[in-house]
Amino acid sequence: MAISIDMLFADTAESLALTVVAGAGGMQREIAVPRIQKPGLALSGYPEQLHRDRLQTLGATEIEYLASIDDDSRRRGIATLMSADPACVVITRNLLPPAELSAACEAAEVPLLKSELASAELIAGITAYLQDALAPHASIHGVLLDVLGIGILLLGKSGIGKSEAALDLLARGHRLVADDIVNIRRKPPNLVFGSGSAIIRHHMEIRGLGIINIKDIFGISSVRETKKIELVIELCDWNDNEEYERLGLDDSFHEVLGVWLPRLRLPVRPGRSISTIIEVAARNQLLKFMGHHSARELSDQLGRAIAEAKPKPLDADIVE
């Protein structure tokens, strides 16, 4: 997974106040890791800290240092920097880059950019962008909801009733993130976030009713752009020959982009209020996050009650 400098520039030029100074022929170079480097000692001829194909930033300290040394030392420092074949070099605070650096970037076709932002602001902005752009991602068929602050991913075959259950929850004041297509990204350390497709965001398809705009019908508070997924609920057809969870003592999990999330499997049949069960599942998950596992606590209470129960002594007259 990598992203080109051209794409980075197109997406962040306005927000990060970026302009191209030299090396425009290398805008197709790619960045594969969301980590930014400041060359530091490399400009004095010490290359050990440099990593290849990284975005390098030079701020006021580095530019002033290059301006203060003699021509030979400056050329040697810039050559050391360029030996790491950087994906891109960015000068912060709108400072003027040394002519030798501009020439070296032009010759090697390494994009040399300039930003009006301070180094800390630029690094934070580019890092956040790269972490999102380079995060592992996938698109799955389902519905993502925010129920009482818990991100719930509804899965199940087409027509099982995912959108209908979601619509009932929206009528109760909960929030829609995505319907039908859920775009999922994994972010460090082990978190997965879901969002809707840009084209159909805030819309739902209800069989017999058609396409509806949730934001227009229920208001802005009924939708959100993205949500961390914390619980997966799979809807399935009721099967009298299948055993379903009755006690809830053993937790099951569902793998999403290498992250294992708590999972519930809910059988659907007429008369069952799936939306109510989902809402209760969200409340129960909140309790688990706070360290309360209802089924296990009841099991522990029963175990203690049995252990503490003492057999009644036999009546003496019966013994005789």
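Guide: A quick definition to start: a residue is called exposed when its relative accessible area is over 50%. Keep in mind that this is a predicted model.

Visitor: Okay, so is arginine 52 buried or exposed?
Guide: Arginine 52 counts as exposed, because its relative accessibility is 51%.

Visitor: And which residue does arginine 52 form a salt bridge with?
Guide: Its partner is aspartate 85, with 3.6 Å between the closest N and O atoms. The two sit 33 residues apart, arginine 52 in the loop between strands E4 and E5 and aspartate 85 in the loop between helix H3 and strand E6.

Visitor: How many salt bridges turn up in the whole structure?
Guide: The search finds 18. One of them pairs arginine 172 with glutamate 279, at 3.3 Å from N to O. Arginine 172 is in the loop between helix H6 and strand E10 and glutamate 279 is in helix H8, so this pair ties together parts 107 residues apart in sequence. Glutamate 279 counts as buried at 14% relative accessibility, while arginine 172 is partly exposed at 34%.

Visitor: Switching topic: how many disulfides are there?
Guide: The count is 0.

Visitor: What does glutamine 56 touch?
Guide: Its contacts include Cys88, Leu81 and Gln37. With glutamine 37 there is also a side-chain polar contact of 3.0 Å. Glutamine 56 belongs to strand E5 and is buried, at 0% relative accessible area.

Notes
Residues numbered from 1 in each chain as written. Predicted model: local features only at pLDDT ≥ 70, side-chain atom pairs only at ≥ 80, totals over all residues. Heavy atoms only, no water. Helix = DSSP H or I, 4+ residues; strand = E, 2+ residues; numbered from the N terminus. Buried < 20%, exposed > 50% of the residue type's maximum accessible area, 1.4 Å probe, protein only. Polar contact = N/O pair within 3.5 Å; in protein donor to acceptor, adjacent residues only side chain to side chain. Contact = heavy atoms within 4.5 Å. Disulfide = S-S within 2.5 Å. Salt bridge = Lys/Arg side-chain N within 4 Å of Asp/Glu carboxyl O. Lists of a residue's contacts leave out its neighbours within four places in sequence.
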